[in-house]
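Subject: Structure handover

Hello,

Here is the structure I said I would pass on. My notes on it follow below.

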Amino acid sequence: MIHGAKILTSSIISTGSLAALLLCSVGCSSSEKETEPLVTVQTTPAERASISETISAEAVVYPVEQAIVSPKITAPITEFKVQRGSLVKKGQVLAVLENRDLAGQAEASKGNFEQADAGYVTSVDSTIPQQVQKAQLDAAAAKAAFDAQQRVYDNRKELLKEGAIPQREVDAAEVGLAQARTVNEVAQKQLADLQRLGKDQALKSAHGSRLSAEGQMRTAQAQLSYSEIRSPIDGVVTDRPLYAGDLATANQPILTVMNLSRLIAKSHVPQSEAAKLKLGNAAELKVSGLDEPVKGRITLVSPALDPGSTTIEVWVEAAKPNPALKPGMTVEVSMTGKTVKDAIIVPARAVFKNPEGGTDYVVLAGSDQKAHWKTVQIGVRNGEDAQIVSGINAGDPIISSGGYALPDNTKIKVEAAPAEKDADDKADKSDKASDTKKPDDKDKE
């Protein structure tokens, strides 16, 4: 009996060991199957749409119009009529300099001009006509005296022939005739010269004196006007480093006026990217602290390369400047470059770079519930989307979330996007609510 019991016990032990081995093999086999990775991903279908290339660059904000106001003379500042932040109009007086000496010079020059002007009028209306009239009278008297002396000489020659007078009287008459002829010729020449040149030259001389006096007067008035500092543009006073009583030095800034109604952002972009930009293209200015970017457009693409940085200067003008946008700020500008219509586009975050070949690829969600790498050629690209020139077709399910560093042929589980989940949850909640209401309605009935 005891021997039989031993045999039975050993049989039981062997049977238990076999069962343990079977359980171990089954467990080990199932654990090996569970180690195969399963990755949860989200997909987005490749779609056809228009896409525009965006070129971004750092830029500094400037006003389109800015005037650094400097005096043309050196003088103490008597009065400032504006402060920083004052709105001013073109031609408005901003400051006044000491000008009493300049005012005196202007008055003196004005008196000299009035005197020269009166002399010119007198010369034109009185002096020159009188000189001409006198010369005419002198010429007429000389001509009359010459004619009279000519008759005397002729008469005496006749009388000499008749023997009525001696020769000496004829000789005396001849001398008188010669003198009269000389006087007449001089008078006629003076009249002719005065009529031909003298009158014009006298007028020019009087006119020249008048112009000289007028020029001196205008110079003195200009010097006086320089003591009033005026704004050359409409705008806002943004800087005023001096105070009343300080010495304003010629050609040294004392005020800065900016027109803040038109602001531009100046950026420097590589020439390869600048070649894609055109005047009038849409752009945005992203300002730190503003939720929404400021809309703008490209107003200048410099025709010349900056030799210092080998870049091209591009201006983006804000369509409607935000008060938070101020000159001197550093902003980021996003400019629209090349636009492609009816392109196959995918989210830019779904495009990866193959570390081995350096090519671009996307990850497709296959019908076999596995991820598949697909090499693609990228065209236009911006911050959100990328154009696929070749490699996939419209409608292909692109893994848009969870695809980074995902190996090829990895088993995947496609999960709905958060927006779709929210929509489904809302639909389920509405269905449940309607179901719970139905019994209440029946109970009421």
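Which residues line the largest pocket? They are S52, T54, A282, A283, E284, K286, S334, T336, N382, G383, E384 and D385.

Before the rest, two remarks on the basis. This is a predicted model, in which local features need pLDDT of at least 70 and side-chain atom pairs count only at pLDDT 80 or more, while totals for chains, interfaces and linings use all residues. Residues are numbered from 1 along each chain as its sequence is written, and side-chain values use heavy atoms, with hydrogens and water left out.

The pocket

A pocket here is an open set of points on a 1 Å grid over the protein atoms alone, where a 1.4 Å probe fits, with protein on both sides within 12 Å along at least five of seven lines; lining residues have an atom within 4 Å of a point. The largest pocket holds about 270 Å³ of space, the volume being that filled by probe spheres set on the points, which are joined across faces, edges and corners. At least two lining residues come from each of β2 (47–69), β10 (282–286) and β13 (330–347); strands are DSSP runs of E, at least two residues long, numbered from the N terminus. β10 gives the largest share, four residues. By type, the lining has two nonpolar, six polar and four charged residues. Ala, Val, Leu, Ile, Met, Phe, Trp, Tyr, Cys and Pro count as nonpolar, Asp, Glu, Lys and Arg as charged, and the others, including Gly, as polar.

The strands

Four strands form an open sheet in the order β6-β5-β3-β8, paired antiparallel; two strands pair if DSSP finds at least two bridges between them. β6 (228–230) and β8 (247–248) are at the edges with a single partner strand each, so one side of each has no neighbour in the sheet. β5 (residues 93–97) joins β6 through three bridges, with A95 opposite I229.

Elsewhere, β1 (residues 38–45) pairs parallel with β19 (residues 411–414) over four bridges, and T40 has K413 as its bridge partner. β1 also pairs antiparallel with β18 (residues 397–401), over four bridges; there Q42 is partnered by S401.

S400

S400 is in β18. Its relative accessibility is 8%, so S400 counts as buried (under 20% relative accessible area, 1.4 Å probe, protein chains only). Its side chain makes a polar contact with that of T44 at 3.0 Å, that is, a pair of N or O atoms within 3.5 Å, one able to donate a hydrogen and the other to accept it.

Regards

Terms used
Buried < 20%, exposed > 50% of the residue type's maximum accessible area, 1.4 Å probe, protein only.
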